[in-house]
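Student: I have a new model on the screen. Can you walk me through its features, one by one?

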Amino acid sequence: MQEKCTYFVTIETTCTKGAETSNHVSLRFGDEKSNDILVHHLNSKHLRKIDPLEPQVLDDIPRKPFQACITDQFQVTAQCVESPICYLYLKLAGTDDWRPGFAQVQVVEGPHFSSNTFYFRRYLPRRVWHGLNLCETEVTPFGVKLKRKVFGKRVP
């Protein structure tokens with residue numbers, strides 16, 4: 001039986017006109033040891049809005065997530081990671097645009113496994129995974145080389 005961990009996912013939506021979305025957003029993150037955590041409808045895991053000017057003051061009034069100029073927090077329970085979270089991808093479904101600013105994952109049971117901040121600051125393409133993989137980097141004479149992460153369908 002696999003151990004379960006609690007993750008707090010913080011996502012900011014930028015203040016650009018038309019940055020918000022009411023579409024479903026999916027999230028995928030994990031560590032170097034191939035612990036891949038997939039959340040199909042992140043919207044349903046919404047906890048609260050966080051005031052960026054006063055992060056200690058939490059607003060627990062139910063609101064739609066992913067509104068412009070808002071930072072939202074979500075709670076996800078899934079398998080535990082075994083090393084620091086080093087990749088994070090978002091996927092937007094639907095017809096409207098969304099422009100996230102940043103995303104971050106905190107691991108409650110192991111804060112040292114929490115992610116760095118992943119910056120987006122651009123409109124996401126629809127129906128494809130879009131994000132950053134900082135897991136396997138190699139410094140070459142030509143710069144930093146990143147390995148590409150390919151997500152395929154799982155075989156049952």
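Tutor: Start with the order of elements. Along the sequence, the protein reads β-β-β-β-β-β-β-β-β-β-β-β. Helices (H or I, at least four residues) and strands (E, at least two) are DSSP runs, numbered from the N terminus. By that rule the protein has zero helices and 12 strands.

Student: What kind of model is this, and how are its residues numbered?

Tutor: This is a predicted model, where local features need pLDDT of at least 70, side-chain atom pairs count only at pLDDT 80 or more, and totals for chains, interfaces and linings use all residues. Residues are numbered from 1 along each chain as its sequence is written, and side-chain values use heavy atoms, with hydrogens and water left out.

Student: Where is confidence lowest, and where is it highest?

Tutor: pLDDT is the predictor's confidence in each residue, from 0 to 100. Where pLDDT is low, the predicted coordinates should not be read in detail. The protein averages 84, and 78% of the residues score at least 70. Strand S5 (residues 58-59) has the lowest confidence, with a mean of 54. Strand S8 (residues 100-107) has the highest, at 96.

Student: How many of the residues are buried?

Tutor: Buried means under 20% relative accessible area, exposed over 50%, and partly exposed in between (1.4 Å probe, protein chains only). Of the 156 residues in the protein, 41% are buried. For the whole surface, accessible areas come from the Shrake-Rupley method with a 1.4 Å probe; for residues, only the protein chains shown count as cover. The total is about 9,500 Å², and carbon and sulfur atoms hold 52% of that area.

Student: How do I read disulfides, and how many are there?

Tutor: A disulfide is a covalent bond between the sulfur atoms of two cysteines. The search counts a pair of cysteine sulfur atoms within 2.5 Å. Over the whole structure it finds three. Counting bonded cysteines along the chain, the pattern is 1-4, 2-3, 5-6.

Student: Which parts does the disulfide of Cys5 and Cys80 link?

Tutor: The sulfur atoms of Cys5 and Cys80 are 1.8 Å apart. Cys5 is in strand S1, and Cys80 is in the loop between strand S6 (71-79) and strand S7 (85-92), 75 residues apart. The S-S torsion is about 95°, so this disulfide is right-handed. Cys5 is buried at 5% relative accessibility, and Cys80 is buried at 15%.

Student: Is Cys15 buried or exposed?

Tutor: Cys15 is exposed, at 55% relative accessibility. Its disulfide partner is Cys69, with the sulfur atoms 2.1 Å apart. Cys15 lies in the loop between S1 and S2 and Cys69 in the loop between S5 and S6, so the bond ties together parts 54 residues apart in sequence. Cys69 is partly exposed, at 37%.

Student: And what joins Cys86 to Cys135?

Tutor: A disulfide, S to S 1.9 Å. Cys86 sits in strand S7 and Cys135 in the loop between strand S10 (130-133) and strand S11 (137-140), so the pair ties together parts 49 residues apart in sequence. The link is right-handed, with 85° about the S-S bond. Cys86 and Cys135 are both buried.

Student: Now the rings. How many aromatic pairs are there?

Tutor: A pair of aromatic rings is described by the distance of the centres and the angle of the planes. Rings of Phe, Tyr and Trp (its six-membered ring) pair if their centres lie within 6.5 Å; planes under 30 degrees apart are stacked, over 60 edge-to-face, and the rest tilted. The whole structure holds five pairs. One of them is Tyr7 with Phe29: centres 5.1 Å apart and planes at 70°, so edge-to-face. Tyr7 is in strand S1 (residues 4-13) and Phe29 in strand S2 (residues 25-31), so the pair ties together parts 22 residues apart in sequence. Tyr7 is buried, at 0% relative accessible area. Phe29 is buried too, at 0%. Elsewhere, Phe66, Phe74 and Trp98 form one aromatic cluster.

Student: Which residues does Glu109 touch?

Tutor: Contact means heavy atoms within 4.5 Å. Not counting residues up to four places away in sequence, Glu109 touches Lys4, Cys5 and Thr6. Glu109 lies in the loop between S8 and strand S9 (118-119). From Glu109 to Lys4 is 105 residues in sequence and 9.4 Å in space, C-alpha to C-alpha.
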